[in-house]
Structure formats: C-alpha cells, structure tokens
Amino acid sequence: MTRTPLVAGNWKMNGSLALVRELAGALRDAKPEGVEVALCPPYPYLPALAEALSGSGLALGAQNLADRADGALTGEVSAEMLLEFGCRFAIVGHSERRELYGEDDDQVASKFLRAREAGLTPILCVGETLRQREAEETDQVVVRQLMAVVEAAGVEALERAVLAYEPVWAIGTGLTATPEQAQAVHAGLRAAVADRDADIAGRLRILYGGSVKADNAAPLFAQPDIDGGLIGGASLKAEEFIAICRAAG
Ligand code: PEP
C-alpha cells in the first residue's frame with residue numbers, strides 16, 4: 001500500500017507576517033517532491049499565508065477549531081470559517097490542547113466530527129506522557145484516544161483523516177522516540193484500525209511528531225508505518241523544515 005507522505009508544520013503561537021513571507025517564499029523555491037506539505041500558522045496569519053502560497057500546491061491547516069458550527073462562543077473559530085480562508089487540514093487533540101486547555105477525548109471527538117462534517121481533513125493527535133510510557137501503558141493510551149474518535153465517528157471517518165502519534169515527552173523537549181519505538185506504536189495504531197477495517201488501515205496516514213529535526217527525520221520516515229511528520233519548532237526555520245520535507249519525499 002503506497003501512502004503519499006505528509007509533513008505538516010505546527011507553528012503553535014509563534015510567527016509573524018515576516019515569517020509568513022520568508023517561509024512561503026523559501027518553500028515555493030524549494031518545491032519538495034513526492035510529499036504533501038501543509039502549514040498550520042496561528043489563525044490571524046491564515047489569509048496572508050493563503051495568498052503567499054496560492055498556486056504552489058502547498059496546503060494550509062489550522063491548529064484547532066470549535067466543536068460547534070456557530071453561536072455565542074467568544075474566542076472560537078468554526079470549521080466553515082477555516083474553509084473560507086483556504087484551510088484543508090485542522091489539527092485536533094494536540095497534547096497542548098488536552099493538557100493546557102482540558103480537552104478530553106469526547107471534546108476531541110466532537111472537534112474531529114465537526115472538521116469532517118464541514119469538509120476539513122482532521123489531523124488527530126494521540127500520545128502518551130512519560131509516566132504512562134514508563135508504566136508501559138503507551139499502546140493502551142494511544143489506542144484509547146484513537147478509539148474515542150472511532151466510536152463517535154465510525155471507522156469510515158478515518159478515510160478522510162490523518163493520525164499523528166506524538167509522545168508528549170518528546171514534544172518541544174529535544175527528546176525523540178527512536179525510529180523503532182515510534183514504528184512499534186504506529187504499527188499498533190494501524191493494527192487497531194485494521195481490526196475494524198483493513199483497507200482503511202492500509203490507506204491511513206500516520207505521522208510522527210516530537211522534536212523531529214533535519215538530522216533525525218530520515219530514519220523515522222524510513223519506518224514502514226510512519227507516513228511523514230507533524231513538526232513544531234523545526235517548522236519555523238525554513239531550511240530545517242525544507243530538509244525535513246525532503247527527507248519524507
Ligand atoms: C508539535 O507541537 O506537534 C511538535 C511535534 O512539536 P516539536 O516538533 O517542537 O516537538
């Protein structure tokens with residue numbers, strides 16, 4: 001089963017209009033081949049980035065979305081608004097949302113459903129804490145996070161979705177799962193989907209995220225069940241991000 005790799009850059013609450021211009025220009029010039037590339041900036045930069053990337057084949061994504069379509073929800077942004085500004089993807093269930101903003105599995109499932117219903121492709125993040133890894137609960141935790149969504153949305157919802165395995169202890173810490181550790185978790189996630197539907201499991205892209213850099217990306221992406229990356233800090237540096245995209249392509 002061949003799956004087109006995807007590399008998505010999650011800027012988190014970083015960036016500026018200057019970075020929009022710099023990264024879009026560098027990526028347009030570099031044109032990484034054989035890989036789909038998406039940039040997920042903070043909301044206010046979406047229009048400028050959409051314009052700067054127009055016609056380039058590079059995709060836009062959001063880092064979050066509201067779990068409802070409209071209404072009195074001060075500070076929230078709906079899936080439909082993101083579509084209007086050219087987003088194709090929306091990250092849901094990032095560990096920073098789960099940990100810092102108290103998003104639980106049910107809320108993550110609602111956001112996933114909302115994204116799909118509106119026509120966005122959700123990038124669903126799952127991952128274990130260091131304590132959970134040390135207690136050998138990794139597989140149980142990530143499969144529970146995935147199944148909360150599968151139970152709510154049905155396995156067929158994974159047809160237009162991307163999964164990202166992001167060990168919490170590796171995000172922004174400089175610690176990375178070894179290719180073998182990551183591959184083992186990815187294979188377990190794919191097997192859990194295959195229990196419901198083997199064809200969907202075979203087509204599902206599972207990204208790895210957690211301190212991916214230009215110098216550790218290639219062996220991670222060479223693993224059979226790793227289909228690209230969700231990149232935080234390194235997505236803010238043009239050269240580094242382009243090298244990561246090339247490693248996936
Ligand atoms: C992330 O925030 O999704 C992430 C993987 O961050 P970093 O690459 O900085 O660890």
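Visitor: Which polar backbone atom is 2.8 Å from an oxygen atom of the ligand?
Guide: That atom belongs to the backbone of Gly 233, and it lies 2.8 Å from an oxygen atom of the ligand; please keep in mind that this is a predicted model.

Visitor: How much of the ligand's accessible area does the protein cover?
Guide: On its own the ligand has 290 Å² of accessible area, and the protein covers 97% of that.

Visitor: What about side chains, say His 94 and Glu 166: how far are they from an oxygen atom of the ligand?
Guide: For His 94, a polar side-chain atom lies 2.8 Å from an oxygen atom of the ligand, while for Glu 166 an N or O atom in the side chain is 2.7 Å from an oxygen atom of the ligand.

Visitor: Which residues around the ligand come nearest?
Guide: There are 14 residues around the ligand, and those that come nearest are Lys 12, Glu 166, Gly 172, Ser 211 and Gly 233. Sorted by class, this shell has eight polar, four nonpolar and two charged residues.

Visitor: Where is Lys 12 found?
Guide: Lys 12 is in the loop between β1 and α1, the latter spanning residues 17-30, and its phi is near 55°, which is a positive value in a residue other than glycine.

Visitor: And what is phi of Glu 136 near?
Guide: For Glu 136 phi is near 60°, again a positive value in a residue other than glycine, and this residue sits in the loop between α6 (130-134) and α7 (138-153).

Visitor: Switching to pockets, what volume does the largest pocket have?
Guide: The volume of the largest pocket is about 520 Å³. It is lined by 19 residues, and the closest to its centre are Lys 12, Met 13, Gln 63, Asn 64 and Arg 97.

Visitor: Which helix gives the largest share of that lining?
Guide: Helix α4, residues 95-100, gives the largest share with three residues, and by class the lining as a whole has nine nonpolar, six polar and four charged residues.

Visitor: One more topic: how many salt bridges does the structure hold?
Guide: The structure holds 16 salt bridges, and one of them joins Arg 3 to Asp 227, with the closest N and O atoms 2.9 Å apart. That pair links distant parts of the chain, 224 residues apart, since Arg 3 is in the segment before β1 (6-10) and Asp 227 is in the loop between α10 (217-221) and β8 (228-231).

Visitor: Why can side chains like that pair?
Guide: Side chains of opposite charge can do so when their charged atoms come close.

How values were computed:
Residues numbered from 1 in each chain as written. Predicted model: local features only at pLDDT ≥ 70, side-chain atom pairs only at ≥ 80, totals over all residues. Heavy atoms only, no water. Near = heavy atom within 4 Å. Polar contact = N/O pair within 3.5 Å; in protein donor to acceptor, adjacent residues only side chain to side chain. Areas by Shrake-Rupley, 256 points an atom, 1.4 Å probe, with all protein chains shown as cover. Nonpolar A, V, L, I, M, F, W, Y, C, P; charged D, E, K, R; others polar. 1 Å grid on protein atoms, 1.4 Å probe; cavity = no way out; pocket = protein on both sides within 12 Å on 5 of 7 lines; lining within 4 Å. Points joined across faces, edges and corners; volume = space filled by probe spheres on them. Helix = DSSP H or I, 4+ residues; strand = E, 2+ residues; numbered from the N terminus. Salt bridge = Lys/Arg side-chain N within 4 Å of Asp/Glu carboxyl O.
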